[in-house]
Amino acid sequence: MKLIPGTRGGRLAALALPMLTVVAMAVPGDMSEAKSKKKSSASVVQAISAKDKEEGAKAHPELLAEFGGAMTGAQANYVIGVGKAISVHTGLSNARDDFTVTLLNSSVNNAFAIPGGYVYVTRQLTALMNNEAELAAVLGHEDGHVAARHGKKRQKAATQNQIIGVLGAVLSGVLLGDSGLGQLGQKIFSQGSQLLTLRYSRSQETEADNLGITYLRRAGYDPRAMGTVLQSLANQNALEARLMGSSNRVPEWASTHPDPASRVRDALAQAGGNSGGALRREEFLNGVNGLLYGDDPKQGVVEGGTFTHPELRMKFQAPAGFYLVNGTRAVSIGGQAGKGQFTTAEYGGDLDAYIRAQFTALGQSNQIQLAPQQIERTTVNGIPAAYGFARVNGQSGATDVIVYAYEFAKDKAFHFVTMSQATGSNPFAPMFQSMTRITAEQAAAVRPRKLAVVTVKSGDTLQSLAARMAYSDAAMDRFLVLNGLSGTSTLSAGQKVKIITY
């Protein structure tokens, strides 16, 4: 979470977690094979229009702000090159310069695109891939959604549901976790100004997969990469579910793109058993070596159930049974017993007014009047604090909403917004009391992680390489998923693999 006071349009800051969509892929290739295939939406692709370019240009800066900004340097340049190359194969444009490809500084597994030639992929999702063909496959899948105008169909449905944000009109895909607490919760935990609640249909997913495979063929890549990257995503989803508890599954690409595990077989069948084409594994590993991995300390770091922000000099602990996900503008807190977020807003030195403003903004975004029944003053670990409470009757019954704020300086405050079913006890109480300042020494101890490509030496094993991962939990599972391996995989001297180090 960055120190970004306030929110756009009076809405709460976004709760992180990935999203995938696309824009185009390219490289000169043989079109005869595509002509022999069943005609798809690609045959009626509409070129990038002046209106698309205008809307995309307006949305681009806001999307960068929402997702950690654009990365620069060698790794970003590599991803940009692959993205531009694949994009020209969609029929949206034959000019590479018509596409703006961005590697986002985000620790969630996401990729997306908007009309106008803007394509985005997060560094976290990029690190999960194992060759250039898989990177092209993810972008190609999202290009397929754009080329088939699935986003326009989603936008129309969203308009009917009256759930469109400022950027919703141009986004072609989104991601949202269902809080299970009714419409209020659904809207509180929006990803900024994105389209909410809608998933791509199974037929749209199949069409985007097939279009992505077509683009891979045109670009000279092995089309089976679509199936292998979907398998890696499925494995990553399963790992996160295990680490956080199966009932606390974090939303990711699959939240709007139906479970990749169910599509792997179809994608591999569509690609064919002996498809050929390039993987470009060596080039990919060289291109992403050294990429920042996981949370950026400048945005705070989640370790297990603890969030630490070295620049803001603070930390807090999630309640037992809850998980934390760090986002660009907020930290989300999830669990069966409720949901919450931690963020900041403009502060004028009055905690009571600050808390009332958060309730008012929350009510306005949900078209209801919302105010705290009362505000109580307190002190938490030496930090001046205050909290307000309101009860809302929603579709799932009575919901307790709490805003708990802390004054860190005369012009700087932070707050939790939490929701839980009205059961008489507050599951977030321990978290509210855990907020504390950290020392300069503690802040300096927070280190970033990075992806490192290493060469397997004689005598190396899965176990020895996994032991080099910069994690104290599930090191082997993380290593296997990161490299697309299984517990029965064998290694050979000279082979290159990825590990995560400090």
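**Helix packing and local contacts**

Guide: In this predicted model, helix 8 (residues 202-219) packs with helix 11 (residues 264-271) at an angle of about 40 degrees, and their axes are 10 Å apart.

Visitor: Which residues of helix 8 and helix 11 make the contact?
Guide: On the helix 8 side the contact is made by Arg 202, Asn 210, Ile 213 and Arg 217, while helix 11 contributes Asp 266, Ala 267, Gln 270 and Ala 271.

Visitor: And is the crossing of helix 8 and helix 11 left-handed or right-handed?
Guide: The crossing of these two helices is right-handed.

Visitor: Switching to helix 2, how does the span between its end C-alpha atoms fit what 17 residues should give?
Guide: Helix 2 covers residues 50-66, and at 1.5 Å a residue its 17 residues should span 24 Å, so the 25 Å between its end C-alpha atoms agrees with that expectation.

Visitor: Where does helix 2 bend?
Guide: There is a bend of about 35 degrees at His 60, and a proline, Pro 61, follows within four residues. Just after the helix, Gly 68 adopts a positive phi of about 85 degrees.

Visitor: Which residues of helix 2 are buried, and what do they pack against?
Guide: The buried residues are Asp 52, Gly 56, Ala 59, His 60, Leu 63, Leu 64 and Glu 66, and their packing partners are strand 1 (100-104), strand 2 (111-114) and strand 3 (118-122).

Visitor: New topic: where does Asp 400 lie, and why does it count as buried?
Guide: Asp 400 belongs to strand 13 (residues 397-409), and it counts as buried because its relative accessibility is 10%, where the cut-off for buried is under 20%.

Visitor: What is Asp 400 in contact with, leaving aside neighbours within four places in sequence?
Guide: With those neighbours left aside, Asp 400 is in contact with Phe 389, Ala 390, Arg 391, Thr 418, Met 419, Ser 420 and Ala 422. With Arg 391 there is a side-chain to side-chain polar contact of 2.6 Å, and although Met 419 is 19 residues away along the chain, its C-alpha atom is separated from that of Asp 400 by 5.5 Å.

Visitor: Last one, then: is Thr 343 buried or exposed, and what does its side chain reach?
Guide: Thr 343, which is found in strand 10 (residues 338-344), is buried, with a relative accessible area of 1%, and its side chain reaches the backbone oxygen of Arg 329 at 2.8 Å.

Conventions: Residues are numbered from 1 along each chain as its sequence is written. This is a predicted model: local features need pLDDT of at least 70, side-chain atom pairs count only at pLDDT 80 or more; totals for chains, interfaces and linings use all residues. Side-chain values use heavy atoms; hydrogens and water are left out. Buried means under 20% relative accessible area, exposed over 50%, partly exposed in between (1.4 Å probe, protein chains only). A polar contact is a pair of N or O atoms within 3.5 Å; within protein, one must be able to donate a hydrogen and the other to accept it, and residues adjacent in sequence count only if both atoms are side-chain atoms. The expected span of a helix is 1.5 Å times one less than its number of residues. The bend at a residue is the angle between axes fitted to the seven residues ending there and the seven starting there. Contact means heavy atoms within 4.5 Å. Axes are lines fitted to C-alpha atoms, for helices over the stretch in contact, and angles run from 0 to 180 degrees between N-to-C directions. A crossing is left-handed if the near helix is turned anticlockwise from the far one by less than a right angle, and right-handed if clockwise.
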